[in-house]
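Dear colleague,

I am handing over the structure below, and my notes on it follow directly after. Please read them alongside the coordinates.

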Amino acid sequence: SAERIEFDGAGDISFLGANVGIGTDSPTDPLVVQSSGSIGGGATNANSYFTVTDGTYGLFHDPNEIFSDINGSFHIGANHSNGLLRFHTGGTDTRMIILANGNVGIGETSPNEPLTIRSSSENVNTVLLNIGNDTHATNTKDSWIKYYGSTGSNTDKTFATGNSQGIFRIAYLGTRATAVLSGAQVMQVTSAGNATFTGSMT
């Protein structure tokens, strides 16, 4: 059909068979809003390309930012009973996902637990979670939990926690489990339930 603009009795306007451009005379999609400048991390809402407002508060957009100046909660959601949220970076790969049941996956698109963190790296010492404190007087203090294994061995069932002062590592080795502190084994438990401790107990 021919391109046309229609007005109905309710005051609605319809654009049929045509792309609409605001700020451009060559729109390539049904609606293209072209401007310049940047909201600047929320510092300059007046540079918004597209604004949704109730007259008091607004939702502001530019090509790489979305900000709200609402005096309260700003919601991003998927409210279908099976709705989920995906976050992509560096292309089309899903980096993080929030399922409808609330489970969160980082590096995992089908998390079965409240939080699943998975790395694609098979290297020993892959840190999965790092917790730091930047307020220390002399230097940053970090503690971490890391995958501590290598492909094709029992050490695949190993994890470690620690910081710059030392490492505490627990490994499942098929018939026994061991605990290692800063390179020295401090405990071993066999499948029979027998436990061996190194050093003294207080």
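In what follows, buried means under 20% relative accessible area, exposed over 50%, and partly exposed in between, with a 1.4 Å probe and protein chains only. This is a predicted model, in which local features need pLDDT of at least 70 and side-chain atom pairs count only at pLDDT 80 or more, while totals for chains, interfaces and linings use all residues. Residues are numbered from 1 along each chain as its sequence is written, and side-chain values use heavy atoms, with hydrogens and water left out.

T116 counts as buried because its relative accessibility is 12%. This residue lies in strand 11 (residues 115-117), where strands are DSSP runs of E with at least two residues, numbered from the N terminus. Leaving aside residues up to four places away in sequence, T116 is in contact (heavy atoms within 4.5 Å) with V104, G105, I106, E108 and P111.

Strand 10 (residues 104-106) pairs with strand 11 in the parallel sense over three bridges, pairing being taken as at least two bridges found by DSSP between two strands, and I106 has I117 of strand 11 as its bridge partner.

Elsewhere, strand 15 (residues 166-172) and strand 16 (residues 176-181) pair in the antiparallel sense over five bridges, and A179 in strand 16 is the bridge partner of I170. Their hairpin has three residues between the strands, and G174 there takes a positive phi near 90 degrees.

Best regards

Key: Helices (H or I, at least four residues) and strands (E, at least two) are DSSP runs, numbered from the N terminus.
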